[in-house]
There are 2 protein chains.
Amino acid sequence: MISKKTKYGLKALTYIARNDKQMVPIALIAESENIPHKFLESILLLLRKSGFLGSKKGKGGGYYLLKEASDIYMTDVMRILEGPIAPVACVSLNYYEKCDDCEDETTCSLNKLMIQVRDANLHVFRNTTLEDLK
Amino acid sequence: MISKKTKYGLKALTYIARNDKQMVPIALIAESENIPHKFLESILLLLRKSGFLGSKKGKGGGYYLLKEASDIYMTDVMRILEGPIAPVACVSLNYYEKCDDCEDETTCSLNKLMIQVRDANLHVFRNTTLEDLK
DNA sequence: TATTATCCTAGTTATCCGATAGGAATTATA
DNA sequence: TATAATTCCTATCGGATAACTAGGATAATA
């Protein structure tokens with residue numbers, strides 16, 4: 001199950017994408033999408049620092065997409081918001097970590113299944129961009 | 001990312017499946033798979049109550065599969081150990097719950113993506129049985 | 001009856017999720 | 001230039017959940 005952070009983040013990105021070429025202030029997204037204002041603030045900050053969003057301070061300011069929606073892939077967004085796409089770190093492409101309970105990954109009975117799950121999810125996320133959520 | 005409970009549970013089931021037709025005591029699984037004994041105990045208890053395992057108390061006792069490994073589907077195991085397969089409750093087949101922030105699911109921008117993720121995972125789990133992990 | 005198991009309820013501890021607080025910095029505009 | 005509107009940033013907090021533990025009851029075997 002994905003976190004609310006991820007859910008809110010995706011909804012916010014979609015909202016901004018729909019209002020492209022305009023500044024979208026936090027308050028507007030928060031109200032429209034029923035997202036706690038301060039929580040959303042921290043999420044948008046993260047998305048900006050991760051290179052998805054640009055921002056402008058002050059009156060008339062807000063957030064905007066730095067790239068075309070069709071160039072924003074769910075793989076990248078999900079990794080920032082939710083973390084690893086893989087179900088276990090030992091099969092993660094971007095967040096690899098060794099298991100402490102496993103001696104050898106190649107002989108681990110879960111390995112094959114975990115890779116299948118990872119790849120199934122990757123396939124979906126690689127073939128979906130923000131444009132598809134608009 | 002799946003919980004350790006799920007990971008341990010799957011490993012334990014596999015271990016038992018490999019030693020089919022024999023009683024397998026907790027202690028043996030715990031040591032072989034590097035799983036904390038008491039934690040594993042609670043997991044096996046759950047798997048028994050959920051109908052995957054049978055048990056026998058006392059000397060020479062232990063756990064055994066109630067069905068053929070090839071009849072134990074990952075969909076069922078995962079739902080017990082990990083909970084919903086869907087990434088959000090509002091697209092879950094077995095654990096449905098309405099979103100509190102969404103008015104209408106049919107117009108939610110995430111809906112389609114979430115269903116795709118759910119179905120991708122379902123596809124893997126429906127086509128994998130415990131036999132495949134052996 | 002001693003030993004080896006599971007059964008069961010109830011903890012404990014640590015981490016993380018979701019959300020909030022409060023002010024600093026920046027910008028537009030009246 | 002004053003004011004309002006906005007993002008920026010750090011810190012914090014309560015509650016839930018994950019991971020694990022304790023300790024005895026119960027049952028089977030030899």
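Helices (H or I, at least four residues) and strands (E, at least two) are DSSP runs numbered from the N terminus. All views show a predicted model, in which local features need pLDDT of at least 70, side-chain atom pairs count only at pLDDT 80 or more, and totals for chains, interfaces and linings use all residues. Residues are numbered from 1 along each chain as its sequence is written, while chains are lettered from A and ligands numbered from 1 in the order in which they are written.

**View 1. Ser42(A) lies in helix H3 (residues 37-49) of chain A.** A residue is buried if 20 or more other C-beta atoms, placed from the backbone, lie within 10 Å of its own, exposed if 12 or fewer, and partly exposed in between. Ser42(A) is exposed because 12 other C-beta atoms lie within 10 Å. Gln116(A) is 74 residues away from Ser42(A) along the chain, and the C-alpha atoms of the two are separated by 33 Å.

**View 2. Chain A has six helices and two strands.** From the N terminus, the order of elements is α-α-α-β-β-α-α-α. The C-alpha trace of chain A spans about 60 × 25 × 25 Å along its principal axes. Of the 134 residues in chain A, 37% are buried.

**View 3. DNA strand C is surrounded by 25 residues.** A residue is near a strand if its C-beta atom, placed from the backbone, lies within 6 Å of it. The closest residues are Ser3(A), Pro36(A), Lys38(A), Gly58(A) and Ser55(B). H3(B) provides the largest share of this surface, four residues. By class (Ala, Val, Leu, Ile, Met, Phe, Trp, Tyr, Cys and Pro count as nonpolar, Asp, Glu, Lys and Arg as charged, and the others, Gly among them, as polar), the surface near DNA strand C has seven nonpolar, nine polar and nine charged residues.

**View 4. DNA strand D has 25 residues around it.** Ser55(A), Ser3(B), Pro36(B), Lys38(B) and Gly58(B) come nearest. Two or more residues each are given by helix H2 (26-33), H3 and strand S2 (62-65) of chain A, together with H1 and H3 of chain B. The surface near DNA strand D divides into seven nonpolar, eight polar and ten charged residues.

**View 5. The contact between the chains takes 25 residues from chain A and 24 residues from chain B.** Two residues are in contact if their C-beta atoms, placed from the backbone, lie within 7 Å. On the side of chain B that touches chain A, H5(B) gives the most, with seven residues. That side has 13 nonpolar, seven polar and four charged residues.

**View 6. Helix H5(B) has buried residues, including Leu113(B), Val117(B), Ala120(B) and Val124(B).** Seen down the axis of H5(B), the buried residues fall within an arc of 165°, so they line one face of the helix; the arc is that of the directions from the helix axis to the C-beta atoms. These buried residues pack against helix H4 (74-81), helix H5 (111-126) and helix H6 (130-133) of chain A, together with helix H4 (74-81) of chain B.
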